[in-house]
Amino acid sequence: MLKKVVGKAAKPAAMSFADNAPSWEVLSNMVKAQEAELGVNFTAPDLENGPTHPLSLKRTFGSIEPIRVKLYRDHAGWCPYCQKVWLQLEEKRIPYTIEKINMRCYGDKPPSFLAKVPSGLLPVLEIDGRVVTESATIMALLEEQFPDHKPLMPAANSPQRPRADQLMRLERRFFSDWLNWLCSGWNGPSAQAQLERTLQAICKELEADGGPFFMGQDISLVDITFAPMLERAAASLAYYKGFVMRGTGKFPALEAWFDAMEARDTYLGTKSDHYTHCHDLPPQLGGCYSTPEGELFAAALDGQDGASWHLPLPPLNATSTPEAYSPGENPPVDRLAAAARLVVNHAAVGRFALRGAGQPGPRPVSAPLADPSGVAALQHEAAMDAALRHVAHALLVGVQEKQVMEHALQVQEAGEHDGAAVAASAAYLRDRVGVPRDMKLPAARQLRAHLNWLIDSLQPAS
């Protein structure tokens with residue numbers, strides 16, 4: 001947070017800077033050149049037929065069959081029940097369309113949706129014109145209606161079905177034990193012991209058929225049902241309780257399961273990060289209970305430890321702390337992914353960021369990172385545009401390389417653009433980079449860290 005400094009000889013709250021960054025046109029050409037060199041396409045991905053992507057609104061998977069299904073899911077990718085259905089559709093490769101709807105904790109729902117679903121609850125499926133609610137009902141219906149699209153559950157009369165049903169009950173037990181500890185300050189040791197017993201039971205079941213998945217070597221509806229809750233538990237228990245589920249070797253079968261899930265494009269396309277979950281869960285659950293054991297993890301996950309969100313970034317891998325991520329990182333590709341999203345959406349991103357220098361909205365919502373009616377300080381639009389071009393350029397060429405070029409970020413006490421509003425806006429944007437909504441975790445880390453580079457550069461020398 002910027003501090004207001006008063007007094008005759010006080011230094012400015014933030015330095016000014018010059019608009020000598022490359023133009024958006026030049027930056028766009030740099031992105032395209034690097035995409036060609038690295039063999040990736042972040043600027044215009046194939047949202048209809050390519051890997052799972054949060055920006056997709058229509059998925060055909062190369063099929064010409066009629067589209068019978070429409071999924072209503074939440075905009076931000078916060079809803080675990082939406083994630084289940086989304087992941088099932090992607091694994092079965094059922095052609096479908098998507099309409100994104102706000103969760104109540106971060107915005108209003110359109111009247112057209114409420115006319116179909118008066119409760120407003122998500123997810124919702126339209127299939128052949130029929131409106132279906134409740135994720136378990138939706139998932140069972142998709143298995144029934146699309147048996148030729150990769151069956152994910154054993155047939156009702158098969159020998160494997162009782163085991164699948166028993167594993168679904170284990171998922172409900174895990175869900176209950178997780179929230180019993182997460183959302184309460186009572187009987188913490190007892191609640192932790194119960195959760196650990198359930199995690200050991202999960203590991204035993206993962207080993208029963210040889211793993212790495214619950215039903216053996218291939219993914220099933222059991223894995224899809226467990227995934228959103230295990231993902232959120234791994235994030236929230238580290239942040240609020242200091243309890244680590246991955247990367248310690250304590251739950252090896254569960255770690256192997258996470259690794260196997262993260263090897264699938266379908267899951268990675270829907271997967272969030274610890275930071276996003278730790279701030280999206282409280283408004284959904286009515287609050288989470290913190291303990292002192294979680295403070296160090298919380299500081300790291302929030303980027304408040306002075307290292308986790310600053311360059312050079314710490315390693316990201318299957319055993320990294322505070323967050324494990326088995327696909328790891330590829331910094332040149334990750335920086336390019338972040339830069340491409342910024343370049344393509346720079347106008348909207350700049351206006352959104354300027355809420356940080358503006359005023360809170362007249363209609364607040366319960367999610368602390370959401371302010372849909374916030375008022376942007378558009379009088380600083382030119383300064384924010386220049387700042388974002390500096391950030392995009394740093395992502396594309398590297399900070400050290402940038403700072404010896406003609407396009408180096410040049411700061412001074414008085415100059416072309418006042419840095420105070422820009423620093424506040426950059427911090428607002430940094431804290432609201434959402435995974436998977438905006439980009440995957442490795443790219444989000446790079447964008448957050450490069451925004452911090454900008455913010456730090458604008459601070460006056462002590």
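**Exercise 1. Describe the stretch that UniProt labels "domain: GST N-terminal".**

Solution. Start with the record: the unreviewed UniProt entry places this feature at residues 69-150. Keep in mind that we are working with a predicted model. Next, look at the secondary structure: over residues 69-150 the chain is 37% helix and 24% strand.

**Exercise 2. Work out how helix α12 is oriented against helix α17.**

Solution. First find the two helices: α12 covers residues 331-344, and α17 covers residues 441-457. They pack with their axes 8 Å apart, at an angle of about 75 degrees. Angles of 65 to 115 degrees count as roughly perpendicular, so α12 is roughly perpendicular to α17.

Now list who meets whom. From α12 come Pro331, Asp334, Arg335, Ala337 and Ala338. Their partners in α17 are Pro442, Ala443, Gln446, Leu447 and His450. Sorted by class, this contact has six nonpolar, two polar and two charged residues.

**Exercise 3. Is alanine 340 buried or exposed, and which residues does alanine 340 touch?**

Solution. Begin by placing the residue: alanine 340 sits in helix α12. Its relative accessibility is 1%. Buried means under 20%, so alanine 340 counts as buried.

Then turn to its neighbours. Leaving out residues up to four places away in sequence, alanine 340 touches Val31, Glu35, Phe42 and Thr43.

Terms used:
Residues are numbered from 1 along each chain as its sequence is written. This is a predicted model: local features need pLDDT of at least 70, side-chain atom pairs count only at pLDDT 80 or more; totals for chains, interfaces and linings use all residues. Side-chain values use heavy atoms; hydrogens and water are left out. Axes are lines fitted to C-alpha atoms, for helices over the stretch in contact, and angles run from 0 to 180 degrees between N-to-C directions. Helices (H or I, at least four residues) and strands (E, at least two) are DSSP runs, numbered from the N terminus. Angles under 35 degrees count as roughly parallel, over 145 as roughly antiparallel, 65 to 115 as roughly perpendicular and the rest as oblique. Contact means heavy atoms within 4.5 Å. Ala, Val, Leu, Ile, Met, Phe, Trp, Tyr, Cys and Pro count as nonpolar, Asp, Glu, Lys and Arg as charged, and the others, Gly among them, as polar. Buried means under 20% relative accessible area, exposed over 50%, partly exposed in between (1.4 Å probe, protein chains only). UniProt positions are given in the numbering used here, feature names are shortened, and annotations may be inferred rather than shown by experiment.
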